[in-house]
Amino acid sequence: MTLRLVSPDRFVRHVPLGFAFRDASDRSLVGDGLAVRVADAARPWRTTLLAPTPSGTWMTPRLPGLDVVLAESPADWPAHQRSFVVTVEDEFRRFLPMRFSADLPVRGRFAWPSWAGFAAGPIGPLLPAGAPADYTPDYLPLFPAIARGAPGPRATVRAQLAVRQPDGGDLPASWAAMTVTVAGVVIGLGIADAGGAIAVSGAYPALPSQTVAEAAAGRSEVAWQATIKVYYGKLAGSPPELADILGQLSQPPTRALANLKPAQPELPAQTLVLGRPLTLASSKSDTERFSSLYLKAN
């Protein structure tokens, strides 16, 4: 990335990195409230704090350990790249913390190489509508925390994900991924926090079709049948690497349980109602529910 200032004097400064972050629920740029730090992977005590530009790009003119002369020679950067660890924390607690690796320095906005390893279906909500198969975003996703309200009219699904242990205790399904699918299309993708709490928000699907008679009678409510899938790989780290978190989507989903009876029946399709958040939990009885949505223990 290059900074230029023209008038009255011409000033050019090469910037060795630029990151963009988008809200996973609506893909809006996040341009404030973040603490973005870059640390040399081999020398983790060498760190630098990034600042946002008005365009929503987070950057720094100084990369830890980057020679001053090399910093002004971007054509030589590819031959001198090395691994850095980037951490993101939201000072407003709107988003979950995030960690990923990046080879730096790099010109322009950073295009995360790990995007190429994910199936397009599950990560569809993170990509622009109609994105081609070879599309590589120049941004990284930030996943909403459980307490954050959905931005605008969005379909919202919440749960406390847990695994019941043989001793009767609960193990939080930390950093599990959850998808919400309607009519074969993933409309929302979310990540659980370290305690297993998760909020998935996404755009509502197209309105269900009606017969002429149904249209004449009017709708008492608008509802869709949604399929919920949870992917849980018992990841280490707080947080784990973003590539590992989203990599869970490449594995078979973990069974979410309707109840804890010996047969361990799978959570059925859920009714998603327009304008009404959906909270998921396993049933304790015909009239009671647990506070958690339990996953089948492996």
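Modeller: One caution before we start: this is a predicted model. Let us begin with proline 74, which sits in the loop between helix H1 (68-71) and E8.

Biologist: Is proline 74 buried or exposed, and how do you know?

Modeller: Its relative accessibility is 10%. The cut-off for buried is under 20%. Proline 74 therefore counts as buried.

Biologist: Which residues does proline 74 touch, leaving out those up to four places away in sequence?

Modeller: His14 and Arg107. Contact calls for heavy atoms within 4.5 Å.

Biologist: Now leucine 207. Where does leucine 207 lie?

Modeller: In the loop between strand E15 (197-202) and helix H2 (212-217).

Biologist: What makes leucine 207 count as buried or exposed?

Modeller: Exposed means over 50% relative accessible area. Leucine 207 has 55%, so leucine 207 is exposed. Leucine 207 still touches Arg219, Val222 and Trp224, not counting residues up to four places away in sequence. From glycine 152, 55 residues apart along the chain, the C-alpha separation is 17 Å.

Biologist: On to the sheets. In what order do the strands of the open sheet with E5 run?

Modeller: The order is E5-E4-E8-E9, four strands with antiparallel pairing.

Biologist: Why do strand E5 (47-49) and strand E9 (98-104) stand at the edges?

Modeller: Each has a single partner strand, so one side of each is left without a neighbour in the sheet. From one strand to the next, the twist averages 25 degrees.

Biologist: How do you know that strand E8 (residues 82-90) and E9 pair?

Modeller: Pairing needs at least two bridges. E8 and E9 have seven, in the antiparallel sense. Within E9, aspartate 103 is the bridge partner of serine 83, and methionine 98 stands opposite valine 88.

Biologist: What makes the side chains along E9 alternate?

Modeller: Met98, Phe100, Ala102 and Leu104 point to one face and are buried.

Biologist: How many bridges join strand E13 (residues 177-182) to strand E16 (residues 223-231)?

Modeller: Six, where at least two are needed for a pair. Opposite alanine 177 stands tyrosine 231 in E16.

Biologist: Finally, the whole chain. How many helices and strands does the protein chain have?

Modeller: Three helices and 19 strands. The C-alpha trace spans about 70 × 55 × 35 Å along its principal axes. Of the 298 residues, 45% are buried.

Biologist: What about contacts and charges?

Modeller: Take contacts between residues at least 6 apart in sequence: 62% join residues at least 24 apart. The chain has 28 positive and 24 negative side chains, and the centres of the two sets lie 1 Å apart. The accessible surface comes to about 15000 Å², with 53% belonging to carbon and sulfur atoms.

Notes
Residues numbered from 1 in each chain as written. Predicted model: local features only at pLDDT ≥ 70, side-chain atom pairs only at ≥ 80, totals over all residues. Heavy atoms only, no water. Axes fitted to C-alpha atoms, helices over the stretch in contact; angles between N-to-C directions. Buried < 20%, exposed > 50% of the residue type's maximum accessible area, 1.4 Å probe, protein only. Areas by Shrake-Rupley, 256 points an atom, 1.4 Å probe, with all protein chains shown as cover. Lys, Arg positive; Asp, Glu negative; His and termini not counted. Charge placed at Lys NZ, Arg CZ, Asp CG, Glu CD.
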